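Work through the exercises below with the structure in view. Try each task before reading its solution.

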Amino acid sequence: MNKTTEKVRQTLAKRYRSEKRFRAFGIASITLGLLALVILFTDIIGKGHSAFIEHRVTLEVSFDADVLQISDVNDADQVTYGNYIAAIRAAMSEQFPEVQNRSERKQLNGLISSSAEFELRDMLRADHSLLGQSRTVSLQLDDAADLFFKASPGKRDGVRVTDLQKSWLLTLEERDLVTSGFNQSLFTRGDSREPEQAGMLGAILGSLFTMMVTLVLSFPIGVAAAIYLEEFAPKNKFTDFIEVNINNLAAVPSIIFGLLGVSIFIGLFGMPRSIPLVGGIVLTLMTLPTIIISSRAAIKAVPPSIRQAAMGLGASNMQVVLHHVLPLALPGMLTGAIIGMAQALGETAPLLMIGMVAFIVELPAGPVDPATVLPVQIFLWAGSPEQAFVALTSAAIMVLLAFLITMNTIAVLLRKRLERRW
Amino acid sequence: MDIAQPLDKIPASSSEPAAGKAINVKEGVDQDTPVPAKPVGNPFVDDPKMKLRDVEVFYGDEQAIHGISLDIGKNEVLSMIGPSGCGKSTFLRCLNRMNDTIDICRVKGSLHLEDQDLYDPKLDVVELRARVGMVFQKPNPFPKSIYDNVAYGPRIHGLANRRSDLDEIVETSLQKAGLWKEVKDRLHSPGTGLSGGQQQRLCIARTIAVSPEVILMDEPCSALDPIATAKIEELIAELSENFTIAIVTHSMQQAARVSNRTAYFHLGKLVEVNDTEKVFTNPDHKLTEAYITGRFG
Amino acid sequence: MDNLNLDQHISRQFNADLEELKTQLLEMGGLVEQQIIDAVTAITSADSDLAEKVLVVEDEVDNREVTLDENCTMVLARRQPAASDLRMVLAVAKINRDLERMGDEAQKVAKMAIHLNEHGEAPRGYVELRHIGSLVHQMVIMALDSFARFDVDLAVKVAHEDKKVDQEYKSAMRELATYMMEDPRSISRVLNIIWSLRALERIGDHAANIAEHVIYLVKGLDVRHISVKEMERQVNESD
């Protein structure tokens, strides 16, 4: 054995040990990250899954003209202002005739959601012949009652219902009148103070409109700026200055953009508050640096040989860019744009500044209607006192995450698809 | 025996190894050997396609090319050789103004393609590049189909009005580049899917589709294997019937094989231009000699 | 520009290859030179043993010729020499051939020596033989030296010498022809001398060829088939 081999053997074990140690560190950090992710998801899903389910009680409701105080069913006003609550109360007393006490009656009626009367009204509106007949209707339960049924039997004590209400709910359950199903209102309604009626459609639409505005503004502007800076701008101090500033802008806290939005768009231009248009513009300012930087990187990544080849054939600068650079850089640009969009989608701070935090029940019909966005909705619900909002908050987070994951997946797919072509 | 005497007296000196020492007596050639003020050999020809006089190129304050005067004859293959950094590629790139893309690059001197001044401010560089095509070191087909690669030049210059005209241009260009047989069944598959040698021939087809008068080649085979190189060299010989070709190469054997005349560049200056045979058997300047025989490089 | 800088390649192995060619050629030249001296001495001093030695050495020369040729081919194939290196290899190959022929001629003279020793000495011609032998030997030495030193001037001198040898050869012929007329009985033996002289004259021609190859090697000039004057003019012009 010569000297080198001897020395190598001596150090070999040490080298392998340090290699193993390094690998162990790597695995440990990845495991830690995965663990955090698993905990986060378990927590969110564990808390939020129940928000997708709602409980209803099936009652025999009689659409009695006297009770409803409707004399002419064709009169729209009378149908609208009919006393449907009385009909519901009647149906409930039918189930529990022993309840006579006024305060007990109040507790009993509190089991049914305040939205139940609107469900009855909509039924009557759809079918006038219902007047005077009785129907078996499944009515939405109040959030407390809903939570009572969602909770496992052992944990039902924690739900804020009185003992009387508890016994009635158990009775209803025994009579097989309680059904559970998918919580449609979550995706069909706007926000509400009542958890069982609160939906996130308003926030989803608000987010969509905001994103639309952001995409329409930031992508063309960002790409155009990137192309100009990379391909046409002369290299001088001024362009250097611009470049430095773009990079700085990417690091500016987003709330500053919110302040800018308030003072410029709302203060100076007099645009209304709380609308997705302003939100979109503010988020555009925020995502522009990201898009410009990623687009420039994509343009830089286009091999210079392609540029030279086109120029060698006599293509003008513009032709080189349009025919060769842009198509090759597009996947990278799109990826950058989608990542920027995803960032904007999760952004809250600047939107709070421009008033998109308002409590808005109406669904927005366009980018100039007041609206809120998903992350702000999460923020709002997280601050609400009712117990049922905890589940709703987690549900909204799940929906937001689903959107983000979808967008990132689209970014990956888009890039793969565009790149696979050549 | 007295007559035999002189025979014996003469030593058998020729077998003495001491004779070999004579080689070292004079000092050798190295990078510092002075470059002649005027190139040796015959830099000018009777019927020049390109006439280049006192060309100087600067990168910022640094001078890369020092007053080079040279003719490129009609339908000849001129090869430019020299050690790295000798300015041969820079010089080549002046001939279709590819240096324009480098901001700090300035070109002085008189460069003419026939009667056209290449650096005339009124001349559109697009027009020039249609007349002087270029093939690059690395095969660089566009990430488009084979057909679109060849058709690109004619399309942007509006050389073909109808689809059938374009088809014809593409076919003849590919045929001239010796690629037609290999790709005619897959014209619409991507050009980047071809082998390296095929890609380079595709690039040549793309260049000749514009029908340039001069083709500049910047180390066209440096990224190719010997077989592909042989095919390109064969192609260069065929193309020289119709085109004037200037080729920069690092392979001296290649210069020897393909060119009619060879120019040797050294430190931004032109040292020698001569017929290729002359350069490779008996160059006039010792720097050329030192380079092509591998004394330095 | 007599300096070929054979030892200045980036590739040291290439230096060594070329140096090896040169050394082998000069060694072979030494053998052939000795053959010539021995062959002439074998006749003049009627030494058959010496003549036999020449014949033995001839085999060695033949072998060396083949080896050197192979080595030239090897360098051509592996190094693709250009310019002076190319001329060097080509010159070595050509000189190699000339040397081998010289060896053949020396062998002929040696055979004549053996023949003369068996059939009695020739009455005349020994002086001429010695004289021309000495001249030719000088030429061979000069030719080999001009190669060893890449000395063009010396090579041109060889060409001059060749002319001198030719003249000496002609006058020797005339003289020997007179002898033969005077004494017809000696014809066959004198003829042996004439053939030997003829062989020596051929050796001189080969030496001149070597000189021409040296000029090609050093100057890149092809000076074959032209007069010595023209050769001198071209050589001087190329300086």
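Helices and strands here are DSSP runs, numbered from the N terminus; a strand needs at least two residues of type E. The model is predicted.

**Exercise 1. Decide on the class of A:R135: buried, partly exposed or exposed.**

Step 1. Recall the cut-offs. Buried needs 20 or more other C-beta atoms within 10 Å, and exposed means 12 or fewer.

Step 2. Count around A:R135. There are 13 other C-beta atoms within 10 Å.

Step 3. Compare. The count of 13 falls between the cut-offs, so A:R135 is partly exposed.

**Exercise 2. Describe the build of chain A, from its elements to its domains.**

Step 1. Start with the elements. Chain A holds 18 helices and three strands.

Step 2. The domain assignment gives domain 1 as 53-182 and domain 2 as 201-420. In chain A, the C-alpha centres of domain 1 and domain 2 lie 46 Å apart.

Step 3. Check the dimensions. The C-alpha trace of chain A spans about 95 × 70 × 40 Å along its principal axes. Its radius of gyration is 30 Å, whereas a compact globule of 422 residues would have one near 22 Å.

Step 4. Look at burial and contacts. Of the 422 residues of chain A, 37% count as buried. Among contacts in chain A with a separation of 6 or more, 76% join residues 24 or more positions apart.

**Exercise 3. Work out which chains touch, and what chain A gives to its contact with chain B.**

Step 1. Sort the pairs. Two pairs of chains are in contact, and chains B and C share the most contacts. Chain A and chain C do not touch; their nearest C-alpha atoms are 30 Å apart.

Step 2. Turn to chains A and B. The contact takes 15 residues from chain A and 23 residues from chain B.

Step 3. Locate the side of chain A. The elements giving two or more residues are α14 (304-312) and α15 (317-345) of chain A. The largest share, six residues, comes from α14(A).

Step 4. Sort that side by class. It has seven nonpolar, seven polar and one charged residues.

Technical notes:
Residues numbered from 1 in each chain as written. Chains lettered and ligands numbered in written order. Predicted model: local features only at pLDDT ≥ 70, side-chain atom pairs only at ≥ 80, totals over all residues. Domains from an automatic or database assignment. Contact = placed C-beta atoms within 7 Å. Helix = DSSP H or I, 4+ residues; strand = E, 2+ residues; numbered from the N terminus. Nonpolar A, V, L, I, M, F, W, Y, C, P; charged D, E, K, R; others polar. Rg over C-alpha atoms; globule rule 2.2 N^0.38 Å.
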